Amino acid sequence: MEKKKVALPLVCHGHSRPVVDLFYSPITPDGYFLISASKDSTPMLRNGETGDWFGTFEGHKGAVWSSCLDTNALRVASASADFSAKLWDALTGDELHSFEHKHIVRACAFSEDTHHLLTAPREVDNSPGSIRTVAWLHSDQTILSSCSDTSGVRFWDLRSGKIVQTLETKSPVTSAEVSQDGRYITTADGSTVKFWDSNHFELVKSYDMPCNVESASLEPKHGDKFIAGGEDMWVHVFDFHTGKELGCNKGHHGPIHCVRFAPGGESYASGSEDGTIRIWLTSPVSREESDAVPGNALNPKVKAVADEVTRKIKTSLHIGTA
């Protein structure tokens with residue numbers, strides 16, 4: 001009898017309130033890292049492969065809606081309901097600067113060259129409402145943004161500061177991701193996931209989802225599948241070319257607010273209203289294999305490498321305790 005494939009996630013606890021944003025760093029000489037934003041006001045840094053906790057960034061006085069790492073995973077940025085965006089040293093946990101705003105800051109993003117930090121409050125010129133998502137593209141010459149209460153995606157020319165293109169959607173876009181190769185923009189609006197050509201701003205594919213989804217992410221290595229999560233509490237896996245559902249991962253106890261693929265595509269993470277992060281393997285193991293490896297453990301060889309990375313980072317880390 002063929003062994004049934006099952007998904008056994010790594011479950012990451014620590015947040016006391018809903019997890020609303022996840023961000024993976026690119027692969028660095030020390031591996032890759034995962035930063036999470038939560039309504040509990042404390043972003044958390046983890047080993048992106050094992051989910052091991054490295055530290056908590058303490059200083060915000062309101063919900064943190066977004067957090068990100070720069071290209072080298074040396075700096076962390078966070079955007080908060082306390083009307084501020086903060087810049088942190090990722091190695092020591094020290095707060096380097098606090099950028100004060102006149103409104104809630106819902107999103108933040110480092111430029112590819114790491115020289116600029118984009119923050120997204122309400123008062124962006126000509127924006128039709130409160131900014132929900134932001135991203136850089138076209139070698140840091142263009143900014144992408146979507147709004148909480150208005151449909152569509154807008155593109156701003158950084159040199160002129162004006163909107164140069166708008167993508168039409170039926171509902172407000174709650175998630176917008178630029179693919180690792182810069183070719184596609186993945187958006188989630190209502191019960192639809194769309195893929196757009198990032199250079200010509202044309203719609204490439206559009207798929208109806210089984211429920212309202214809040215976030216979607218394209219597999220970065222092969223681009224042959226994507227994930228989506230939302231109100232039904234499940235992480236759905238789909239074929240990029242056909243839209244056929246390939247899998248459905250159950251385990252969260254609340255709506256899913258964010259999903260993201262790891263930079264190598266071997267796993268993906270989901271953050272939920274239940275306050276947990278779950279890291280799922282892209283290729284589920286068989287039940288026979290799962291009996292040999294505990295449900296919250298990695299392959300021993302992978303874990304040995306990850307443990308060494310954890311040891312090296314913790315020698316210089318003094319981020320606040322969880």
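The side chain of aspartate 157 reaches the backbone nitrogen of serine 160 at 3.1 Å, a polar contact (a pair of N or O atoms within 3.5 Å; within protein, one must be able to donate a hydrogen and the other to accept it, and residues adjacent in sequence count only if both atoms are side-chain atoms). The model is predicted, so local features need pLDDT of at least 70 and side-chain atom pairs count only at pLDDT 80 or more, while totals for chains, interfaces and linings use all residues. Residues are numbered from 1 along each chain as its sequence is written, and side-chain values use heavy atoms, with hydrogens and water left out.

**Aspartate 157**

- Aspartate 157 belongs to strand β15, residues 151-157; strands (E, at least two residues) and helices (H or I, at least four) are DSSP runs numbered from the N terminus.
- Aspartate 157 has a relative accessible area of 15% and is therefore buried (buried means under 20% relative accessible area, exposed over 50%, partly exposed in between, with a 1.4 Å probe and protein chains only).
- Apart from neighbours within four places in sequence, aspartate 157 is in contact with Gln141, Lys162 and Val164, where contact means heavy atoms within 4.5 Å.

**The protein as a whole**

- The protein contains 27 strands and 2 helices.
- Of its 322 residues, 54% are buried.
- Among contacts with a separation of 6 or more, 44% join residues 24 or more positions apart.
- The protein exposes about 14,600 Å², and 50% of this is supplied by carbon and sulfur atoms; the area comes from the Shrake-Rupley method with a 1.4 Å probe.

**The sheet β7-β8-β9-β10**

- An open sheet is formed by 4 strands in the order β7-β8-β9-β10, with antiparallel pairing (two strands pair if DSSP finds at least two bridges between them).
- The edges are β7 (64-69) and β10 (95-100); each has a single partner strand, so one side of each is left without a neighbour in the sheet.
- From one strand to the next, the twist averages 15 degrees; axes are lines fitted to C-alpha atoms, and angles run from 0 to 180 degrees between N-to-C directions.
- Strands β8 (residues 75-80) and β9 (residues 84-89) pair in the antiparallel sense over 5 bridges.
- Opposite alanine 77 stands leucine 87 in β9.

**Leucine 8**

- Leucine 8 is in the loop between β1 (5-6) and β2 (10-12).
- Leucine 8 counts as partly exposed because its relative accessibility is 37%.
- Leucine 8 and tryptophan 280 are 272 residues apart along the chain, and their C-alpha atoms are separated by 6.7 Å.
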